[in-house]
Amino acid sequence: MRKLWLVALLFLAVACGGTSSTSASPEQPEGSPSGAGADHGSPAPTGPSGAPSGTPSPVTPAGPTLNPRKVPWESATPVDDGRSLDVVWWSGVEPCNVLDRVEVTETAREVTVTLYEGQDRRSPDAVCIAIAILKTTKVHLKAPLDGRKVVDGAK
């Protein structure tokens, strides 16, 4: 047990020894807007320099998960002639942060997209590092977007 703690402390020391003077968390990654409304026009969030801050990792809903919760997203870009949306958000690593489900409510004026994440049921005692990962999922609509407003159901 003592060796396990020693390895964990060594890993923590190495992980904290980076050159960056700022830190990022899954809730507010470096370079992401602070609580501002979602940017529905850009395909991915940008870093402080305005350059894309990474290529999103594609995921599909895997639910049911443990303790699912709403997760705000950064952008929803229409694709397939407005019949689908590519939704991008910041998240943590699996198995601690797994896409449970996506709920879509469509009206004549708007489309509300709500993402839910939870912990993988197969790993209830997993311990994960706190690192922000850019993720994306494709959401299919019942009808083409056709000028309707896209709303984040988690905000």
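This is a predicted model: local features need pLDDT of at least 70, side-chain atom pairs count only at pLDDT 80 or more; totals for chains, interfaces and linings use all residues.
Residues are numbered from 1 along each chain as its sequence is written, and side-chain values use heavy atoms, leaving out hydrogens and water.

**Stop 1: the whole chain**

Switch to cartoon and follow the chain from the N terminus: the elements run α-β-β-β-β-β-β-β-β, which comes to 1 helix and 8 strands. Helices (H or I, at least four residues) and strands (E, at least two) are DSSP runs, numbered from the N terminus. Of the 155 residues, 33% are buried; buried means under 20% relative accessible area, exposed over 50%, and partly exposed in between (1.4 Å probe, protein chains only). Now consider contacts, meaning heavy atoms within 4.5 Å. Among those between residues at least 6 apart in sequence, 75% join residues at least 24 apart.

**Stop 2: the disulfide**

Select Cys 96 and Cys 128, whose sulfur atoms sit 2.2 Å apart and form a disulfide. The rule asks for a pair of cysteine sulfur atoms within 2.5 Å, and the count comes to 1. Turn the view along the S-S bond: the link of Cys 96 and Cys 128 is right-handed, with 85° about that bond. Cys 96 lies in the loop between strand S4 (84-91) and strand S5 (98-106), and Cys 128 in the loop between strand S6 (110-119) and strand S7 (133-140), so the pair ties together parts that are 32 residues apart in sequence. Cys 96 is buried at a relative accessible area of 16%, whereas Cys 128 is partly exposed at 26%.

**Stop 3: Glu 103**

Next, pick Glu 103 in strand S5, a partly exposed residue with a relative accessible area of 35%. Leaving aside residues up to four places away in sequence, Glu 103 touches Thr 112, Val 113, Thr 114 and Tyr 116.

Which kind of contact do the two side chains make? The side chains of Glu 103 and Tyr 116 make a polar contact (3.5 Å). Such a contact is a pair of N or O atoms within 3.5 Å; within protein, one must be able to donate a hydrogen and the other to accept it, and residues adjacent in sequence count only if both atoms are side-chain atoms.
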